[in-house]
Amino acid sequence: MKCKKIEKLLLRSFDDLLKDEEKENLESHLRSCLLCQAKRKEYETILGLLRKEEDSEPNPYFLERIQTKIKEREKDAVWTSVKQWSIRAVPISLLLVLLLAMVIILFSPPKSQELSQSEVLLLRNLNPLQETTTLLEEEKVENKNMMLIFTAMEEKNDIRRYFP
Amino acid sequence: MEEKELVQLGQKGDEEAFAVLVRKYRIKVFNLAYSLTRNQNVADDLAQEAFIKAFFALSKFNLKSEFGTWLYRITVNHVKDYLRKKGRMRRIILENIKEISFIQEDETMRKEREHAEEQRRKLVHKAIQALPEKYQIILSLRDIQGFSYGEIAKILKIFPGTVDSRLHRARKMLRKKLAPFLIQKGGSYEM
């Protein structure tokens, strides 16, 4: 058996994973191969140092320190979740406002178109030029002026006209 | 009380049940962190963090696997994160510490022998730290902490066959790194 394969067996032998046949193969090779004997010694030295190491103790009050940290983190976790929610709330509320505005714009009933005075009069089957005729036919200057003033105001305010 | 019951109580927020679990696993978790960092205070901090992580993740633990395996996995992952952040994965040049490996010829006193052994152990750990992360972890779990192949497979979530091949490679690499310090003395190999 080649030394490369033997090294594999050798390493597995440190974990007691070899079958009887493999053990025999390993031992017979080791008896005749100085190089593999040397390797075994080296591995024994290295693994021996690692495996002999004793367990160490953590620093004192290990449990108490963990419990204190857990309580601190629990407090922090509450604040963190509040902060996270508040950070999320800003874009969410903006989105909601935007959606609400879109809903209002899309679903609001269309504004009824305002009819002009002339149109209103025509719809009522009245002569829209009646006012003009009245104005022109008026003989008194004062009355005519007053009628003109009220007609001018008509555009802004829905007020009753002056008819003397 | 059985461990499963303790875990279930811990999941319900029972602090005393969790405290029992901490007392049970603290040495093992600490030594696992210590074997990978070789620093008492750092290992202490990392072990604490591993327990705190476990406490907050306990509700997600499904009790199908062993609590210990789950806890060791958390520890290994936490230590891995620490090592990556601290850049401890850099290659350590062993030549820089060559002087600590010399054996004293008149070494007869027990204290001297222990001191020499400690120095050799330090050298081996330095050599381990110079290996890639996955080999450091497998050596720590198997050869320092003494976990079985099956336990290692569960902790690292790898196949037992992968444990075997990775461990084989790690040991070979370690021997190669330490080869210059392994000297034949009186028919036996020493460092």
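Mentor: Begin with burial: a residue is buried if 20 or more other C-beta atoms lie within 10 Å of its own. The model is predicted. In chain B, buried residues make up 33% of the 191 residues.

Trainee: What elements does chain B have, and in what order do they run from the N terminus on?

Mentor: Chain B has eight helices and two strands. From the N terminus on, the order is α-α-α-α-α-α-α-α-β-β.

Trainee: For contacts in chain B with a separation of 6 or more, what percentage is between residues 24 or more positions apart?

Mentor: The general idea is to sort contacts by their separation along the chain. Here, residues 24 or more positions apart account for 61% of the contacts in chain B with a separation of 6 or more.

Trainee: Let me try one residue. Is B:Val7 buried or exposed?

Mentor: Count its neighbours and compare with the cut-off. B:Val7 has 20 other C-beta atoms within 10 Å, so this residue is buried. B:Val7 belongs to helix α1 of chain B, residues 3-11.

Trainee: Which residues does B:Val7 touch, not counting those up to four places away in sequence?

Mentor: On that basis, B:Val7 touches B:Phe61, B:Leu63 and B:Phe67. A C-alpha distance can also be read: B:Val7 and B:Ser59 are 52 residues apart along the chain, and their C-alpha atoms are separated by 9.2 Å.

Trainee: Which residues have the most contacts inside the largest nonpolar core?

Mentor: Look at the core as a set of residues, then at the contacts inside it. The largest nonpolar core has 55 residues, and B:Val29 and B:Ala33 have the most contacts inside it. Helix α2(B) gives the most to this core, with ten residues. Not counting residues up to four places away in sequence, B:Val29 touches B:Ala47, B:Ala50, B:Phe51, B:Leu71 and B:Thr75.

Trainee: How should I read a pair of helices? At roughly what angle do the axes of α2 and α6 of chain B cross?

Mentor: Take the angle, then the handedness, then the residues. The axes of α2 (residues 15-37) and α6 (residues 133-144) of chain B come within 10 Å and cross at roughly 130°. Therefore α2(B) is oblique to α6(B). The crossing of α2(B) past α6(B) is right-handed. B:Leu32, B:Ser35 and B:Leu36 in α2(B) meet B:Gln136, B:Ile137, B:Ser140 and B:Ile144 in α6(B). By class, the residues of this contact are four nonpolar, three polar and no charged.

Trainee: Now chain A. At about what angle do α1(A) and α3(A) pack?

Mentor: The steps carry over. α1(A) and α3(A) pack at an angle of about 30°, with their axes 11 Å apart. α1(A) is therefore roughly parallel to α3(A). Here too the crossing is given a hand: α1(A) passes α3(A) in a right-handed crossing. From α1(A), the contact uses A:Cys3, A:Ile6, A:Glu7, A:Leu10 and A:Leu11, and from α3(A) A:Leu35, A:Cys36, A:Lys39, A:Arg40 and A:Tyr43. This contact has seven nonpolar, no polar and three charged residues.

Trainee: Last, the interface. How many residues of chain A are in contact with chain B?

Mentor: Count each side, then ask which elements supply the residues. 26 residues of chain A are in contact with 30 residues of chain B. On the chain A side, the elements giving two or more residues are α1 (3-13), α3 (34-51) and α4 (62-107). The largest share of that side, ten residues, comes from α3(A). The residues of that side divide into twelve nonpolar, four polar and ten charged.

Note on methods. Residues numbered from 1 in each chain as written. Chains lettered and ligands numbered in written order. Predicted model: local features only at pLDDT ≥ 70, side-chain atom pairs only at ≥ 80, totals over all residues. Helix = DSSP H or I, 4+ residues; strand = E, 2+ residues; numbered from the N terminus. Buried ≥ 20, exposed ≤ 12 C-beta atoms within 10 Å, placed from the backbone. Contact = placed C-beta atoms within 7 Å. Axes fitted to C-alpha atoms, helices over the stretch in contact; angles between N-to-C directions. Parallel < 35°, antiparallel > 145°, perpendicular 65-115°, else oblique. Left-handed = near helix turned anticlockwise from the far one by under 90°. Nonpolar A, V, L, I, M, F, W, Y, C, P; charged D, E, K, R; others polar. Core = buried A, V, L, I, M, F, W, Y, C linked by C-beta atoms within 7 Å.
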